[in-house]
Amino acid sequence: MKTIFEPFRIKTVEPLRMTTREERINLLERADWNLFRVAADDILIDLLTDSGTGAMSAEQWAALNRGDESYAGSRSWFRFEQRVHELTGFKHIIPTHQGRAAERILFSCLGVAGKMVINNTHFDTTRANVEALGGRAVDIPVPEARIPSDESPFKGNIDLGELERLLTTAPEQIACVMITVTNNSGGGQPASLENLRAASELCHRAGIPFYLDACRFAENAWFIKMREPGCGDRTVESIAREMFSLADGATFSAKKDGLANIGGFLAAHNDQLARQEEELLILTEGFPTYGGLAGRDLEAIAVGLTEVVQEDYLRYRIAATRYLGEGLMKAGMPIVRPPGGHAVYVDAGTFLPHIPPRELPAQALACAFYVEGGVRGVEIGTLMFGGKDPATGKERVAPLELLRLAIPRRVYTQSHVDYLLEVAAEVAARRQELRGLRIVEESVHLRHFTARLAPLVG
Ligand code: F0G
């Protein structure tokens, strides 16, 4: 069968409000050409993020009602801990309200000030947390990760040669090494088990902690099952377990592959580090058996972590993303290939060669998708990663200018995607008319969330 079979049926629906092109131009002007400033009710298809935007299952809603809201030692905590432990094997599991809280606690306790954190590619919050604590976030993806048209199966891999060089020349300057699975900023591309094993071994030889930023571990494990020799017969759970077994710890946002609307955790094997992390957790998040979450959230995550490794779900999930990616290519839009796990990344730099990086081509494309069809994506380019380098004070431009269309889990149907592809064809037809943007106002950290922009004319 060719049809993508969504392995669920719909029990609760939410209406979507239609808007006209004129209305959307006005709304965008009022939002200073920053889609984060547009109200969700004014969006038709919201692909801003796959984070916390998924639909929960009937089992998860039922689990919410079982939530035990005791401050200490709640039943829901034990359920959560048991499932996370079974999946990851980590000794210490520290719940947090979302992924970035886990990052902040980890980097604070590891002491990143004046040191490097090495990653295949830091996501924006991860980079910002390292930099806010005085560390240096260094990205070393494999070279093919920077070539959008390259079809290599594991473009989320870390560059092992470069990693070895850094680990041997300057180990005292390295706070930790992370691999983000899947590599969100690099196109939602997976890392292979082979790469994770080799990176883990290099780090352990050098005595440097090796971490996973595990937000999308299940999608990564599915790609391993599909693409890595010798893994086809393994269960996703066993692949995921092996991924976690290679690391000294992990940060996790349950808003992605936790299939929940909020939550996360920080995990570690090291007793002393975990004690320190728990102390900071109590200070800033909550007691270690709830970590800033309600008991019901812990329940929803525990169930989500079971549903997310189911193969029917992952088969549908990855097929849906591929369908969008292939459709965009047919509509004449170059994308990061192959399509990622949670999102498709349009290569706006190539699609709009008449708009240079400092004029934010991917943001211009994001605005065009909104104007033409009420579709909201997110710029992953110079608006997100540019700005002043805290180390050198120089203006940075991003290595790639991408528009990410992230797909919320279990939310949109194939008809929604077909509509989106019609919008893409409209945008492609108007490509020469698109103009860049300039930044009118910005913040020091994570400027893309709040920046005010204005279109360039001419
Ligand atoms: N790491 C990665 C790879 C992420 O993609 C995110 C969030 C985080 C950490 C932080 O987790 O949001 O729970 O604090 N990514 C979202 C996105 C926001 O849209 O990709 P959080």
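Predicted model: local features only at pLDDT ≥ 70, side-chain atom pairs only at ≥ 80, totals over all residues.

Mentor: Happy to walk you through it. Residues are numbered from 1 along each chain as its sequence is written, and side-chain values use heavy atoms, without hydrogens or water.

Now the shell itself. It has 18 residues, and the closest are Thr49, Arg100, Ser253, Lys256 and Arg404; a residue is near the ligand if one of its heavy atoms lies within 4 Å of it. α4 gives the most, with three residues. By class, the shell has nine polar, seven charged and two nonpolar residues. In this scheme Ala, Val, Leu, Ile, Met, Phe, Trp, Tyr, Cys and Pro are nonpolar, Asp, Glu, Lys and Arg are charged, and the others, Gly among them, are polar.

Arg100 brings a polar side-chain atom to 2.7 Å from a ligand oxygen. On the nitrogen side, an N or O atom in the side chain of Asp213 is 2.8 Å from a nitrogen atom of the ligand, and Lys256 has such a side-chain atom 3.1 Å from a ligand nitrogen. The ligand exposes 470 Å² when taken alone, and the protein buries 94% of that, with accessible areas from the Shrake-Rupley method and a 1.4 Å probe; for residues, only the protein chains shown count as cover.

Back to α5. Eight of its nine residues are buried, so this helix is largely enclosed by the rest of the structure. Buried means under 20% relative accessible area, exposed means over 50%, and partly exposed lies in between (1.4 Å probe, protein chains only). Among the buried residues of α5 are Asp124, Arg127, Asn129 and Glu131. After the helix comes Gly134, with a positive phi near 85 degrees.

Some backbone details are also worth a look. Leu259 has a positive phi of about 50 degrees although it is not a glycine; this residue is in the loop between β7 (249–253) and β8 (264–268) and, at 5% relative accessibility, counts as buried. Arg410 is another non-glycine with a positive phi, about 65 degrees, and its loop runs between β14 (402–406) and α16 (414–429). Arg410 is buried too, with a relative accessible area of 14%.

Finally, the wider setting. The largest nonpolar core has 63 residues, and Ile118, Val177, Phe210, Leu212, Phe217 and Met243 have the most contacts inside it. Helix α8 (residues 217–227) gives the most to this core, with six residues. Domain 1 (21–50 + 310–455) and domain 2 (58–307) both contribute, so the core lies between them. A nonpolar core is a set of buried Ala, Val, Leu, Ile, Met, Phe, Trp, Tyr and Cys residues joined through side-chain atoms within 4.5 Å, and the domain bounds come from an automatic or database assignment.

Technical notes:
Polar contact = N/O pair within 3.5 Å; in protein donor to acceptor, adjacent residues only side chain to side chain. Helix = DSSP H or I, 4+ residues; strand = E, 2+ residues; numbered from the N terminus.
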